[in-house]
Amino acid sequence: MVAGNWKMNKNLQEGIALATELKNNVKNPACAVVIGTPFIHLASVAEVLKGSPIQLAAENCADKDKGAYTGEVSAEMVRSTGAQYCILGHSERRAYYHETPEILKEKVGLALANGLKVIFCIGEVKEEREAGTQNAVVKAQLDGSVFHLTAEEWKNIVLAYEPVWAIGTGLTATPDQAEDMHRYIRSLVAEKYGQQVAGETTILYGGSCNEKNAAELFSNEDVDGGLIGGASLVADKFCAIIEARNNA
Ligand code: PGA
């Protein structure tokens with residue numbers, strides 16, 4: 001899978017234009033392609049993507065079902081736009097909006113209950129990497145929010161390993177750092193759900209993945225694709241990353 005995460009970029013008209021360009025360029029990808037857009041784009045972009053293999057994701061959803069939560073957008077609302085996925089647990093949401101493992105567990109449950117697949121993000125900050133605690137951090141994130149799911153529910157989970165020190169910084173994990181962590185994550189999934197499920201789980205790498213380094217990152221056995229921020233905002237770059245995945 002190659003998934004884009006537009007974050008808080010592109011107004012509605014610009015978003016529709018980018019989605020249209022992608023639709024015209026991505027006809028027969030050999031991997032799943034998803035774009036994550038702001039809430040307000042979802043319904044319009046879903047319309048643009050009709051008949052396209054590109055699927056659509058929200059970048060968040062509420063931790064409540066419905067009701068008096070001014071300004072929030074529920075998983076059911078996201079699903080009703082035609083989006084198929086929801087990105088949850090992104091480090092920016094954990095850091096700036098104080099999303100705890102408990103809150104994320106609620107969000108994951110609501111997203112799945114409303115028929116959305118979840119791209120669940122995990123990853124350590126720089127200090128944790130320097131202290132060598134990255135494995136424990138990632139394990140705690142999985143234990144806290146998704147490892148309670150049944151094997152049936154797990155089929156709708158995609159994981160994205162995003163070392164926080166690599167997001168938007170131009171610093172990328174080396175292929176070896178990525179592969180080491182991805183192999184570890186897959187071993188944790190195997191412990192929980194068995195070898196076969198672990199083999200079928202998609203584990204994306206995110207963090208300054210771009211059209212130049214994607215091929216090398218994707219050449220690792222346990223790196224199944226990418227979650228792309230900055231480079232997903234330019235159609236040519238995003239298409240080149242899809243191409244790199246197709247050729248890996
Ligand atoms: P980046 O963002 O590609 O701009 O580093 C990745 C992400 O946050 O998903």
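In which hand of crossing, left-handed or right-handed, does α7 pass α9?

Tutor: Happy to walk through it, keeping in mind that this is a predicted model. The crossing of α7 past α9 is right-handed. Helix α7 covers residues 134-145 and helix α9 covers residues 175-193. Their axes lie 11 Å apart and the helices pack at an angle of about 40°, which makes α7 oblique to α9. On the α7 side, the contact is formed by Q134, N135, V138, K139 and L142; on the α9 side, their partners are M181, Y184, I185 and L188. By type, the residues of this contact divide into six nonpolar, two polar and one charged.

The spacing of such positions has a simple background: an α-helix has 3.6 residues a turn, so residues three or four places apart point the same way.

Now follow α9 itself. Among its buried residues are M181, I185 and L188, and these three also belong to the contact with α7. As for length, α9 has 19 residues, so at 1.5 Å a residue it should span 27 Å; the C-alpha atoms at its ends are 26 Å apart, which agrees.

Definitions and conventions
Residues numbered from 1 in each chain as written. Predicted model: local features only at pLDDT ≥ 70, side-chain atom pairs only at ≥ 80, totals over all residues. Heavy atoms only, no water. Axes fitted to C-alpha atoms, helices over the stretch in contact; angles between N-to-C directions. Helix = DSSP H or I, 4+ residues; strand = E, 2+ residues; numbered from the N terminus. Parallel < 35°, antiparallel > 145°, perpendicular 65-115°, else oblique. Left-handed = near helix turned anticlockwise from the far one by under 90°. Contact = heavy atoms within 4.5 Å. Nonpolar A, V, L, I, M, F, W, Y, C, P; charged D, E, K, R; others polar. Expected span 1.5 Å × (residues − 1). Buried < 20%, exposed > 50% of the residue type's maximum accessible area, 1.4 Å probe, protein only.
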